[in-house]
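Trainee: Could we take a close look at one part of this protein, going slowly from the side chains out to the strands around them?

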Amino acid sequence: MCKYFSLLFFFILSNFSFAQNHLDLMGALFVDDGRPISYRLIFEEENGQINGYSITGVGTNFETKSELSGKFIGDSLFLTEFQLLSTLSEEPISNFCFIDLKAQLKGSKKKQSFTGVFVGRFLNGEKCASGKVVFADKDQLQKKIKQVQKVQQLIGDKKQDNKLV
């Protein structure tokens, strides 16, 4: 009997630990003036509560990592950046724009595609940017990029084959 109780306890405990989801999303912020900025979200979601960080300007000389928190409500995602963790920029912290975003899940949760809007604010609360945001699961996005690259390579190879000598 004790053996079965231990097994049941382990099963229940393991189900609770699986309730936590790790998400790694990539996409872009489309600022109203038209400049897209790469944006990556890495966070843990547990019972609708979110904690993690964002990376803005991925791979640039102004790449910035900010702490964020938020929540999932149904298929809606609400996130707020609230603290600068690191940056490659030499700008003073008062010039940094912290993002509040609202995004809606598109398609199935397995595809993790989101679209929404954002507003950026300086530390003093003054608005510094606004626009649209689009992001998807990083692994799925990278698979799609590889597929597109293969097609581009095939097209390039076909063009080479069709050249007159």
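Which residues do ring pairs link into a cluster?

Mentor: The cluster consists of Phe72, Phe114 and Phe135, linked by ring pairs. Before going further, please keep in mind that this is a predicted model, in which local features need pLDDT of at least 70 and side-chain atom pairs count only at pLDDT 80 or more, while totals for chains, interfaces and linings use all residues. Residues are numbered from 1 along each chain as its sequence is written, and side-chain values use heavy atoms, with hydrogens and water left out.

The structure holds two aromatic pairs (rings of Phe, Tyr and Trp, the last by its six-membered ring, pair if their centres lie within 6.5 Å; planes under 30 degrees apart count as stacked, over 60 as edge-to-face and the rest as tilted). One of them joins phenylalanine 72 to phenylalanine 114 in a tilted arrangement, with 6.1 Å from centre to centre and 40 degrees between the planes. Because phenylalanine 72 lies in strand 4 and phenylalanine 114 in strand 7 (residues 113–121), this pair ties together parts that are 42 residues apart in sequence (strands, E, of at least two residues, and helices, H or I, of at least four, are DSSP runs numbered from the N terminus). Phenylalanine 72 is buried, at a relative accessible area of 16%, and phenylalanine 114 counts as buried too, at 0% (buried means under 20% relative accessible area, exposed over 50% and partly exposed in between, with a 1.4 Å probe and protein chains only).

Lysine 65 has a ring interaction of another kind, its charged end sitting over the ring of tyrosine 53 at 4.1 Å from the ring centre (NZ of Lys or CZ of Arg must be within 6 Å of the centre and within 35 degrees of the ring normal). Tyrosine 53 belongs to strand 3, where it stands opposite isoleucine 42. Strand 2 and strand 3 (residues 49–56) pair in the antiparallel sense over eight bridges, and in their hairpin, which has two residues between the strands, asparagine 47 takes a positive phi near 55 degrees.

Isoleucine 42 also leads us to aspartate 24, which touches Arg40, Leu41, Ile42, Ala136, Asp137 and Lys138 when residues up to four places away in sequence are not counted (contact means heavy atoms within 4.5 Å). Aspartate 24 lies in strand 1 (residues 20–31) and is buried, with a relative accessible area of 16%. Its side chain makes a polar contact of 2.6 Å with the side chain of arginine 40 (a pair of N or O atoms within 3.5 Å; within protein, one must be able to donate a hydrogen and the other to accept it, and residues adjacent in sequence count only if both atoms are side-chain atoms). Strand 1 is joined to strand 2 (residues 36–46) by eleven antiparallel bridges, and phenylalanine 30 has proline 36 in strand 2 as its bridge partner. In the hairpin of these two strands, with four residues between them, glycine 34 takes a positive phi near 100 degrees.

Methods
Pairing = 2+ DSSP bridges.
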